[in-house]
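Subject: Structure handover

Hello,

Here is the structure for you to look through. Please open it first, then read the notes below.

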Amino acid sequence: MLEIECPWCGSRDQDEFSYGGEAHIVRPLSPENLNDREWGDYLFFRDNKKGQHAEQWCHSAGCRRWFNVIRDTVSYRIVSVYRSGDSPSGDPS
Amino acid sequence: MKKDRYSVFSLARNAVNYHQDWAEAWRSPEPAGEYDVIVVGGGGHGLATAYYLASEHNVGRVALLEKGWIGGGNTGRNTTIVRSNYLWDESAHLYEKSLKLWEGLSQELNFNVMFSQRGVMNLGHTLQDMRDIYRRSNANRLNGIDSEILLPDQIKEIVPAMNISGDTRYPVLGASYQPRGGVARHDAVAWGYARAADSSGVDIIQNCEVTGIRQESGSVRGVETNRGYIGAKKVAVVVAGHASVLAEMGGFRLPVESHPLQALVSEPLKPVLDTVVMSNAVHGYVSQSDKGELVIGAGIDAYTGYGQRGSFSIIEGNVAAIVELFPVFSRVRMLRQWGGIVDVCPDACPIISKTPVDGLYFNCGWGTGGFKATPGSGWVFAHTVANDEPHPLNAAFELDRFYSGALIDEHGAAGVAH
Amino acid sequence: MSGARRLSRGGLIDRSRSIRFRFNGKTYTGHPGDTLASALLAQGVRLFGRSFKYHRPRGIVGAGAEEPNALVQVGEAGYSTPNLRATQVELYEGLSAQTVNGWPSLKHDVGAINSMFSRILPAGFYYKTFMWPRSAWMRYEHFIRKAAGLGRTPEFPDPDIYDKRHIHCDVLIVGAGPSGLIAALTAARSGARVILADEQAQFGGSLLSASSTIGGTRAVDWVKKIVDELRTFPEVKLLNRSTVVGYFDHNFLTINSRRTHHLASGDSDPRMSRERLWRVRAGEVVLATGAIERPLVFDGNDLPGVMLSSAVTTYIRRYGVAPGRTGVVFTNNDSGYQAAIDMAWAGMKVVAIVDSRRSPGASVARETEALGIPVYKGHVISSARSGSEGLNRVELSRWSKSTGELTAHKGMIDCQILALSGGLSPVVHLHSQSGAKPVFDSRVAAFLPGASVQKERSVGGCNGTFDLGDCLREGVQGALAAANARGFSATGVDIPATDHRQHAPIEALWEVPANILDGGRTKKFVDYQNDATASDIRLAAREGYRSIEHVKRYTALGFGTDQGKLGNINGLAILGKALNKEPGDVGTTTFRPNYTPVTFGAIAGRNLGPELFDPVRKTAIHPWHVKRGALFENVGQWKRPWYYPRSGESMSDAVNRECLATRDSVGVLDASTLGKIDIQGPDAAELLNRIYTNGWTNLLPGRCRYGFMLGEDGMVMDDGVTTCIAPDHYLMTTTTGGAAAVMGWMERWLQTEWPDLQVYLTSVTDQWSVMSVAGPQSRAVLHAAGCDVELDSESFPFMSMREGKIGGVSSRISRISFSGELAFEISVNANYGMTLWQTIMDAGRAYDITPYGTEAMHVLRAEKGYVIVGQDTDGSVTPNDLGMDWIVSKNKDFIGKRSLFRADTLRSNRKQLVGLLTDNSKTVLPEGAQLVNSPQQSRPVPMMGHVSSSYYSASLGRSIALALVKGGRTRMGSTIFAQLMDDQIVPAVIVDPVFYDPENQRSKS
């Protein structure tokens, strides 16, 4: 049971949040210019990182804001939490 | 590598000197410098792959590398449900091949995997569930897969402990029922395949972790391991939750995400549940092990996780669903819970495929439902590796479908969870 | 007199009062303070169960959570509870218990025949047999299942309730033994918010059985003093009968409190929960969970009468029960001597202390010598034998530690009780659950906590510290560190004086060697409940099962309801010996929740039943529907009226009537459940443009438009009508089930991908009541209801919205239609929903206005060929598949557009939406029916598609269906066959999916 520090509301139980998968996957600006392979990569293929993973969470039962978390997917330790558009802080090691 | 056959007679014979003379079920050889095929991953799927490679295909020397102990991942952590009542033709044929192999597996392996065809019931709780059930069952029938549709009274006859009254949040409206489905002893599947693969000449090398995949000009050459480099003409990777980690070693990515999946058991009880009951709508499935424990599972945790641990809230929802369906289980006690790591594909169907690297093959993405597929998965993967092209049964499960869009979406079909 | 074995003095029981209870049909008495186990031991009962595999008779081994044998079914009917440990069941008046195994009776158990065949039933035997004939396993399994299992499932639903509480604290202290108590006091004095939880009824842990003193007072008095002070702190929560069962990520722990187990069923308030599950988020955790003694492994070590030495002490000191007349102690460490001292104190004849070491500690040696108890150093018990009532003698042998063999037999010793001490295993379960790895320490011959990975620390026995003074010191230090970490400055607590004893170290003895002549015949049990023996472990190793996980699974070691609390470490060490490894190198298994079993009901809590399993959403008009006898359909969390049967009407009667009334006159549907999202801001139209497949920039205020939403994979995700209220203000409707997902979907795109768009979204689903008045007379009804908006088509055309008043209630009225009729959808503040509904019903009376439910709604829309997302689509359907290319803009990008141009989505033989007309107009195809080109008996039959919607249309006087068929649009007029579940074959002609008013004249009229 994770405890996640919402950048707007503070620490809350995991049950208040919803998970959005890998962060920093930017939607292509001109999808029509991509071939099937490039589009498929954007749609489905993921790093699925074992270790430090940048991911999106939404405080869906709270402020409903999306933000980013760097979390270790093995220990589940949260290394850093930052708002969309910001850069991660904290110990990246 | 020749072994005594297991039977009641060999048991009696060995009893004479207190079982001092049983041969080891499989050897623990040192890795050779090179193999024709290396299978990476010693779960049920990997062991089955190695077994069928060695016993049905003429591929030369085969080794299986396992980073821990065989059967220690999802094979030993699942809820052991076996069924083939999938909606789409591609899935149905693949899982039915697997079910047919299950039906003769104890005899083929000379190892009792305790395949118990006690039936699998998928409950429907909404009108849409019932439409989906008819659609899936009808498709199963036409695909030659046994399937029946049960009304609540018929369900009650098979599962007297279930509450089929309207006095629940989502009353049971009916179910699909596959009598040939059931459960098996998960550890025995790994051990049985290991013993049989070993007999067929496969080197099963435990505590051997692959740390790199060596390639030259787009072709695989071998694997780096914590026990040194091992050469190989072909490398077949079947490592479930760690598929992406191995893919990264191969220099590509996969359309999978790894998630925790939890399960739990109750304390042992006298027989009270003679079939497998699954409900997608209220998120739970349950069967009773031969030892008497209720074996219970639910859905995955939403987040990516390699920790073999999940959230307690999933367990709470799961147990509530089971007690809602079976109010008489309320005073029964939960003994133990655990988690595995499942690699989930966007369409809830596996990848059994060649890869961008020649001679490197991946079998992954089974999500929450891999156990039932163990024999079939190994069988088609062995074919794919041996012939460098998929068997018709797994042709639809290539990686390319994520580019072409030819997904086999089992999500919409309510036939997904285990 | 409560029993032959009850002492006249000592213990924490109340001898002045008696409690009557029943066990296996016989009536007994005990005292307040007794457990079921202690009361029965006091009566001389020795047989408590039969083992799992061999059905060997078994007695009490322990005194708490570690007990593997004495499992009982307690209570009757709905109150019946399986598999409770007699050692943890507190006695109450009228308690009724039965042992869970033994048929027909515990004493004469038919299954004991397995014991005779035990020679051919080694570990894993079932993997090697029962394979022939191929079909036979199901038969074998039937008998195996019957023989297995422990208690019985209750036959009736649970009459009790359970609850949960969420709680935060600075310091959670687990265990209220000496270390935990003093830790709690230390933390409490610092001002921290503290929870102290202990599984027993009384705080004190091992001190409840102690004969020693603390600070010059009796240990139990010291406990009382500490607890009394703890009660004075408002921020301290004391939880007894409360087991910390789970340690999850981020310092989240679960505590299971048993609130009424100790009460007779009439004694508790029926409104009180039977159990409570605390969901704790702890700042810091101090584990003070103590240690559990290990048995020693030798031939016959499972006989009734063989007990842990700590349990012997507990029964004597805490419960005032001498478990037998004569006793022997067998130990490899100093702690076993205490049982001898206690047995002597209880007046038992202590025949011998058998110590496998050559030199015991000075203190215990002195004390036992003073009592005149013979001590056999460098000896072992090599075998135990039974009479009709369990253990009656043991075999004494000398052994050589260096060769590991017996060197001389010293004869048999008569005794009823054999107290075993194989060393103490720290309870590292929660530490392990937290993700840390315990490490083997040969100094204590056990696993100790390793490096913490969460905010926890272990003190006292669970940290391998067994001296009382040291435990107290660690408790203080641990609590200080925890409180400091939470920002509290604590000063500490003075450590009271304790008896100091000079200890000699334990010398590990994992398995007593067998007499060579006995060969493989011996049965040395490692796991009592599952009958896993030392030879089973060696057999596993010999057969190649060498990982401890393999061995556990092959032999079932540690898989009992005690989860290996007694046997796991012995088993690990025996495996180590077989593999020539140190126990620490064999590894340990990961402990998983729960520490002890937890009632399912407590985990489910209150989230059960028709109201609370999942939230129920009802519209403002719901009571009216109930009053009119509507049947309801669950749609998402909503209750929607399905149809409104009149007396004597079948479902089809009712649905036909509702449909005809709507087509012929006027019907009304409660559409409040549709999702509604208020969209405001200068970029609102741009958002719609990106989310919907069609264009939105030219929609004028007061106009409505239907839209499709796709996933990025190009598949239809949701649909609905969106209305332009002002250039910067839109109201979107979604499907009932999809509302929350669509809201989240748009929010996510806005926040993560398009933060430059100025748009604000508000879910207003519950704020509006919506009713759809449909049918040729709908206009007249609105007039009659006092609508102040011009309703003629000229001033109020189809697909537009007007604001006005109906019967004085401010309304938004939209001319949109899902039925294909002239229709007005009226939205009002939900507080006025019921009023307006009533107004409409009153106004419509002259036109026989008919409320219709979701079933009639489905029929009406299917007649028009309108799809329902989720019924006619399944996540694999594109707009083109539905024949709705007209809704897909060519001129702009939108979510999912690129996916429509992939190889597979451009395929010509995709499944396409068509209509079906069965040859027999009365035949209604089952929804979900599969369609084939040529029906056949052989399998597989190639399938062309399936029926997604199918109804009898009263308006058309025949059945209709919608289906998805491969290349369907190119097959108009051809026949296809439904080959049904019962193999009935139904021919049908493929037709256009619009069956009714294809020109849309009615809705625009």
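Start with chain C. It is split into domain 1 (1-158), domain 2 (162-291 + 426-485), domain 3 (295-422), domain 4 (625-672 + 768-860), domain 5 (675-766) and domain 6 (908-991). These bounds come from an automatic or database domain assignment. The C-alpha centres of domain 2 of chain C and domain 6 of chain C are 66 Å apart.

Some ground rules. This is a predicted model, where local features need pLDDT of at least 70 and side-chain atom pairs count only at pLDDT 80 or more, while totals for chains, interfaces and linings use all residues. Residues are numbered from 1 along each chain as its sequence is written, chains are lettered from A and ligands numbered from 1 in the order in which they are written, and side-chain values use heavy atoms, with hydrogens and water left out.

Next, a helix pair in chain C. Helices (H or I, at least four residues) and strands (E, at least two) are DSSP runs, numbered from the N terminus. The axes of H5 (residues 178-189) of chain C and H6 (residues 219-230) of chain C come within 10 Å and cross at roughly 30°. Axes are lines fitted to C-alpha atoms, for helices over the stretch in contact, and angles run from 0 to 180 degrees between N-to-C directions. H5(C) and H6(C) are therefore roughly parallel to each other (angles under 35 degrees).

Which residues of H5(C) meet H6(C)? They are Pro178(C), Leu181(C), Ile182(C), Ala184(C), Leu185(C), Ala188(C) and Arg189(C). Their partners in H6(C) include Trp222(C) and Glu229(C). Contact means heavy atoms within 4.5 Å.

Now the interfaces. Buried area is the accessible area (1.4 Å probe) that two parts lose on being put together, summed over both.

- Chains B and C: 111 residues of chain B touch 119 residues of chain C. The two chains bury about 10100 Å², 56% of it on carbon and sulfur atoms. Leu142(B), Arg169(B) and Arg331(B) supply 10% of the area that chain B buries here, more than any other three residues.
- Chains A and C: 28 residues of chain A touch 26 residues of chain C. They bury about 2200 Å² between them, 43% of it on carbon and sulfur atoms. Met1(A), Arg27(A) and Trp66(A) supply 32% of chain A's share, more than any other three residues.

Last, chain A itself. It has 1 helix and 6 strands. From the N terminus on, they run β-β-β-α-β-β-β.

Best wishes

Definitions and conventions:
Angles under 35 degrees count as roughly parallel, over 145 as roughly antiparallel, 65 to 115 as roughly perpendicular and the rest as oblique.
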